[in-house]
Amino acid sequence: MEENEKKLSKVGIVSCSGEDFPEGTISRLATLEALHHKKPFDTTTICLPLFIAGGEGDRMFAKNHPVITVDGCEKLCAKRATEKYSGKVACSINVRDFIKDSDEIKNKSNLNEDEKRIASEVTDAISLKVDDILKKNNK
Amino acid sequence: MKDKKFIIIPCSGIGKPIGTTSRETTYEIIKQKPGLAETACLALLTSGDKETIKKINDNYCITLDGCAKHCALKNTQACGKIPDKSYMILKFAAENRDMKPEGMVDIGEGGRALVKTISKKIISDMDEILQDEKK
């Protein structure tokens, strides 16, 4: 019982690193906002390259806890790496699903209003999923 | 090899201001050296993406790590590329204590000053590499 309680106390969020695309920056900002402001007591993060490169502690955490992956593109590095090393993810979010045709997505830093709005929507989606996962797992 | 570019691989860390500083420095260099400097996603490289591995092996490569874990350097080496130069933000921060990155989203004035200092040094080293190549 104690072990189960420990397992369900936190949800891991693995963000795309995406240095080469604006969507990577949006992923990181959305993840940080969820981690630090929306769900500070319910979430933790894992550094993706460290995780892929063989961070045993990170991989073990992802094996024992529900994980939400936030990817920036269709390559889905965060989701694929998590599923390869630690098992099925609880939820996979792709920033590109939040982008409308009219949005201007071009900045890797100093995000514009469209990019900030998308980051905020992704944060809300992460937060909702965290609530769902904890509610379902702690019934 | 006149078409070779500099591929700068920054730290991906999202939990500390030095990770953001690493990426902001990369973007500053790309802004200062358009057409000569580019970046690549570290996670894509680490995942074994063939296109990204080819990109770093066909060009000059610079790694810009945030901390002593050296994720960018180690993952680049693991892909068969010895970076032409590798740097660590923490070392520059220790040498420039008046330039302190403050936040993970906005690194503040101190962080931006550090970005300028580091990018100036890296651009100077890039110019040196190109000069040596011409000799």
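Reply: In this predicted model, the lining of the second largest pocket (residues with an atom within 4 Å of a pocket point) draws at least two residues from each of strand E2 (43–46) of chain A, helix H3 (48–52) of chain A and H1 of chain B. Helices are DSSP runs of at least four residues and strands of at least two. The largest share, three residues, comes from H3(A). In total 25 residues line the second largest pocket, and A:Cys47, B:Gly13, B:Ile14, B:Gly15 and B:Lys16 lie nearest its centre. Twelve of its lining residues are nonpolar, nine polar and four charged (Asp, Glu, Lys and Arg are charged; Ala, Val, Leu, Ile, Met, Phe, Trp, Tyr, Cys and Pro nonpolar; others polar). The space in it is about 430 Å³.

Residues are numbered from 1 along each chain, and chains are lettered from A and ligands numbered from 1 as written. Local features need pLDDT of at least 70 and side-chain atom pairs 80 or more, while totals for chains, interfaces and linings use all residues; side-chain values use heavy atoms, without hydrogens or water.

The largest pocket holds about 850 Å³ (a pocket is an open set of 1 Å grid points where a 1.4 Å probe fits, with protein on both sides within 12 Å along at least five of seven lines). Of its 29 lining residues, A:Lys108, A:Ser109, A:Asn110, B:Glu24 and B:Val105 are closest to the centre. Helices H2 (22–38) and H6 (113–137) of chain A, with H1 and H6 of chain B, each contribute at least two residues to this lining, which comprises eleven nonpolar, seven polar and eleven charged residues.

These helices also pack in pairs. In chain B, the axes (lines fitted to C-alpha atoms) of H1 (residues 17–32) and H6 (residues 108–134) come within 9 Å and cross at roughly 55°. The crossing is right-handed (near helix turned clockwise from the far one by less than a right angle).

Key
Axes are lines fitted to C-alpha atoms, for helices over the stretch in contact, and angles run from 0 to 180 degrees between N-to-C directions. Grid points are joined across faces, edges and corners, and a volume is the space filled by probe spheres set on the points.
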